[in-house]
Amino acid sequence: MVGKVQGSGARLRDGRPTRELILEAATRLIHVNGYNNTSLDDVLRESGVGKGNFYYHFKSKEELGYAIIEQSVASFLSRTLDPCFSDPTASPLAQIGCFLDRVLETQRARNCVGGCPMGNLASELSDVHEGFRTRLASVFEGWRKRLTVALRAAPGLGEGMAECRAEAIAQFVVASLEGAILMTKLTKDITVMEGCVDELKRYLSLYEHAG
């Protein structure tokens with residue numbers, strides 16, 4: 001049932017803001033079907049929101065897509081990255097291990113369905129839409145930088161090793177994770193992801209032992 005108007009144009013449905021309903025429905029559809037295969041009508045049907053209300057919050061499907069990226073990144077930071085890297089008692093490599101475990105558990109909870117939302121969009125749109133490409137590139141760059149900071153503080157990667165080495169390893173971890181998520185989605189076998197995470201941890205432990 002549609003509730004009262006809260007503020008200007010922010011109609012409520014089941015006590016939730018219209019913009020939130022649109023984003024949730026669109027995120028769910030695009031994660032499974034892709035951006036190009038999800039129409040505005042699909043989003044309206046799934047969310048139960050009228051076209052007029054949609055255009056109050058978003059000027060276009062493109063703007064909706066950008067908002068989904070922002071929301072997905074915020075969720076990823078709060079649920080996956082920040083809890084691991086904000087622990088001052090953990091070693092840098094333990095922080096990275098925590099991050100890897102959380103990514104693994106996310107795929108396990110999804111039963112290997114859907115893959116990485118950002119990776120999916122990158123695969124679909126990077127060659128055909130510069131706006132999405134630049135936004136998605138900045139997302140992965142942000143993850144790489146977070147890992148780089150941790151790696152620079154890790155024993156065996158600080159003194160005596162070139163600063164660019166930490167950046168190269170961080171890039172390797174991000175690329176390996178994305179590949180592992182893709183292969184897990186393809187095979188529908190969580191042991192693929194488990195094996196890749198174990199190998200990444202083993203690889204990183206070589207630097208810990210070198211410290």
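Select Lys188 to begin: at 48% relative accessibility, Lys188 counts as partly exposed, because that category covers values between the under 20% of a buried residue and the over 50% of an exposed one. Lys188 lies in the loop between α8 (163–187) and α9 (190–210), and its phi is near 55°, which is a positive value in a residue other than glycine. Keep in mind throughout the tour that this is a predicted model.

Now show the whole chain as a cartoon. The protein has nine helices and three strands, and from the N terminus on the elements run β-β-β-α-α-α-α-α-α-α-α-α, so that you can follow the order by eye. Of the 211 residues of the protein, 40% count as buried. Among contacts between residues at least 6 apart in sequence, 62% join residues at least 24 apart.

Next, select Cys112, which is found in the loop between α5 and α6. Like the phi of Lys188, which is a positive value, the phi of Cys112 is positive, at about 65°, although Cys112 is not a glycine. Is Cys112 buried or exposed? At 5% relative accessibility, Cys112 counts as buried, because this value falls under the 20% cut-off.

Stay with the cysteines, and select Cys84 and Cys98 together. A disulfide is a covalent bond between the sulfur atoms of two cysteines. Cys84 and Cys98 form such a link, with their sulfur atoms 2.0 Å apart, and a search of the whole structure finds one disulfide. The pair links distant parts of the chain, since Cys84 sits in helix α4 (residues 61–85) and Cys98 in helix α5 (residues 92–109), 14 residues apart. If you look along the S-S bond, the angle about it is -65°, and the link of Cys84 and Cys98 is left-handed. The two partners can also be described by their accessibility: Cys84 is buried at 2%, whereas Cys98 is partly exposed, with a relative accessible area of 26%. Two further cysteines to click on are Cys116, which is buried with a relative accessible area of 10%, and Cys196, which is partly exposed with a relative accessible area of 30%.

Remain in helix α4 and select Ile68, whose place is in that helix. Ile68 is buried, with a relative accessible area of 5%. Which residues is Ile68 in contact with, leaving aside its neighbours within four places in sequence? They are Leu23, Ala26, Thr27 and Ile30. For a distance to check in the viewer, draw a line from the C-alpha of Ile68 to the C-alpha of Ile22: these residues are 46 apart in sequence and 9.8 Å apart in space.

From there, move to His31, which is found in helix α1 (residues 18–33). His31 is buried, with a relative accessible area of 18%, and this value counts as buried because the category holds everything under 20%. Not counting residues up to four places away in sequence, His31 touches Arg110, Val113, Gly114, Gly115, Pro117 and Asn120. One of these, Gly114, is 83 residues from His31 in sequence, yet the two are 5.9 Å apart in space, C-alpha to C-alpha.

The last stops are pairs of helices. Two packed helices are described by the angle between their axes and the distance between the axes. Select helix α6 (residues 117–125) and helix α7 (residues 130–152), whose axes come within 10 Å and cross at roughly 140°. The two helices α6 and α7 are therefore oblique to each other, and their crossing is left-handed. The contact is made by Met118, Gly119, Leu121, Ala122 and Leu125 of α6 and by Phe132, Leu136, Val139, Phe140 and Trp143 of α7. These residues divide into nine nonpolar, one polar and no charged.

The crossing of α5 and α7 is left-handed. To show the contact, select Pro92, Leu93, Gln95, Ile96 and Phe99 of α5 together with Leu147, Ala150 and Leu151 of α7. By class, this contact of α5 with α7 has seven nonpolar, one polar and no charged residues.

Conventions. Residues are numbered from 1 along each chain as its sequence is written. This is a predicted model: local features need pLDDT of at least 70, side-chain atom pairs count only at pLDDT 80 or more; totals for chains, interfaces and linings use all residues. Side-chain values use heavy atoms; hydrogens and water are left out. Helices (H or I, at least four residues) and strands (E, at least two) are DSSP runs, numbered from the N terminus. Buried means under 20% relative accessible area, exposed over 50%, partly exposed in between (1.4 Å probe, protein chains only). Contact means heavy atoms within 4.5 Å. Axes are lines fitted to C-alpha atoms, for helices over the stretch in contact, and angles run from 0 to 180 degrees between N-to-C directions. Angles under 35 degrees count as roughly parallel, over 145 as roughly antiparallel, 65 to 115 as roughly perpendicular and the rest as oblique. A crossing is left-handed if the near helix is turned anticlockwise from the far one by less than a right angle, and right-handed if clockwise. Ala, Val, Leu, Ile, Met, Phe, Trp, Tyr, Cys and Pro count as nonpolar, Asp, Glu, Lys and Arg as charged, and the others, Gly among them, as polar. A disulfide is a pair of cysteine sulfur atoms within 2.5 Å.
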